[in-house]
Amino acid sequence: MIKRNKIKLIISSIVILLPMLFGAFGGKMLPEKIAVHWGLDGNADGFMGASVVFFVLPLILLAIHWICMILTSVIDKDVEQNKKVIGITFWIIPVISLMSCGIIFTTALGYTSKISAVVFLILALAFIIIGNYMPKMTRSRTAGIKIKWTLANDENWQATHRFAGKVYVVMGLLCLLAIPLPTAALPAVMIGLILVCVLLPVIYSYRFYKKQLAEGKATKEEYEKGYRDIFKNPKAAVTVTVVLVAVTLIAVAVLMFTGNIETTLGESSLTVKANYWSDITLDYEDIDAVEYRDGGVDGERVNGVGSARLLLGIFRNDEFGTYTRYTYTGKKDCVVLTVDGKKIVIGTEDTESTKEIYERISKEISE
């Protein structure tokens, strides 16, 4: 598939990377920190630097795009998929890249006030588009509703996907109707709609299978044979899966056991640089209060990194509400800063360095 669609793959990859222009040319228009995560109440609770967001996110999506294309080409190389279905697979990730980065960009500029409404609008369009393409899908191991009964029988596959297409379109329309609902109700609505889209086609496929058996149009043996036939040459799929699992395990190991926090005390400001999370610079004059905690600060991670080495990102507890954290895992001593009513927790690898930060900031804000 890749060989026949080289130009399309190149163009789609370029489109995925286009949001980098937001960071390159729109950086001066944006605040130093922009919202990248929103809680269930619709309020932003995760922030990062614009240059990091619009550089890292497109690269991650580009990697996902290529992995999906390679998997599809290797696993289903003998399947003659519908051209329209192939076309949409090339443009799913590019559209996600443009939309996700576009939402972050417009929200940072103040043009997108109700993020939940935008998300539901995008979800509605996705359901409707996918629903229209589902009946056109050819039986394969990478695209469509891939359960035992659909993969084993062409009639079951076609009937299930025609039914699922209608379900997806209806769910898309319901998404549009749900937009005016209170923000607090939308997460439950979204989960319910997704569950319907997942469960109803599975139930329909099983009932179709039982109907075929009852009417003598198929047998269990034919289903078993059909299922084995579609996986008759699993070596390529197994090889790709093993490689992806190995890469994932290595990436997880790196994330779990590496990374550092570097705290610099300048003449007029404090700078904290951390791997895997956005850096922060605070002028001493902007710090309202500082407190040393030798017992540490507890909290539940909302957005960020929680590894065997680092605790970074947005956390929440009963005492502070939502707060930002830059600490090492297991290290109790920390400094709690209050800036514009918000709490920032900073810790180092040793008690002496943490106390040094506390004493220096205490001196600076008391002068």
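A residue counts as buried under 20% relative accessible area, as exposed over 50%, and as partly exposed in between, with a 1.4 Å probe and protein chains only. By that scale Glu224 is partly exposed, with a relative accessible area of 33%. Before we go on, please note that this is a predicted model, in which local features need pLDDT of at least 70 and side-chain atom pairs count only at pLDDT 80 or more, while totals for chains, interfaces and linings use all residues. Residues are numbered from 1 along each chain as its sequence is written, and side-chain values use heavy atoms, with hydrogens and water left out.

Let us stay with Glu224 for a moment. Its side chain meets that of Lys148 in a salt bridge, with 3.1 Å from N to O; the term stands for a side-chain nitrogen of Lys or Arg within 4 Å of a carboxyl oxygen of Asp or Glu. Glu224 lies in helix α9 (residues 220-230) and Lys148 in helix α6 (residues 148-152), so this contact ties together parts that are 76 residues apart in sequence. Helices here are DSSP runs of H or I with at least four residues, strands are runs of E with at least two, and both are numbered from the N terminus. Lys148 is partly exposed as well, at 39% relative accessibility.

A search of the whole structure finds seven salt bridges. One of them joins Glu349 to Arg309, with the closest N and O atoms 3.2 Å apart. Glu349 sits in the loop between β11 and α11 (351-366), and Arg309 in the loop between β7 (300-306) and β8 (310-317), so the pair ties together parts that are 40 residues apart in sequence. Glu349 is partly exposed at 41%, and Arg309 is partly exposed at 22%. Inside helix α11, Arg360 and Glu364 are four residues apart, about one turn of the helix, and they form a salt bridge whose closest N and O atoms are 3.0 Å apart.

Now for the rings. A pair of aromatic rings is described by the distance of the centres and the angle of the planes. Rings of Phe, Tyr and Trp (its six-membered ring) pair if their centres lie within 6.5 Å; planes under 30 degrees apart count as stacked, over 60 as edge-to-face and the rest as tilted. The count by this rule is ten aromatic pairs. Among them, Phe127 and Tyr168 are edge-to-face, at 5.6 Å centre to centre and 80° between the planes. This pair links distant parts of the chain, with Phe127 in helix α5 (residues 115-133) and Tyr168 in helix α7 (residues 154-178), 41 residues apart. Both Phe127 and Tyr168 are buried. Tyr204 and Phe208 have ring centres 6.4 Å apart and planes at 25°, so they are stacked. These two are four residues apart in helix α8 (residues 186-215), a separation of about one helical turn. Tyr204 is partly exposed at 28% relative accessibility. Elsewhere, ring pairs link Trp149, Tyr206, Tyr209 and Tyr223 into a cluster.

Finally, look at Asp340, in the loop between β10 (334-339) and β11 (342-346). Asp340 is exposed, with a relative accessible area of 67%.
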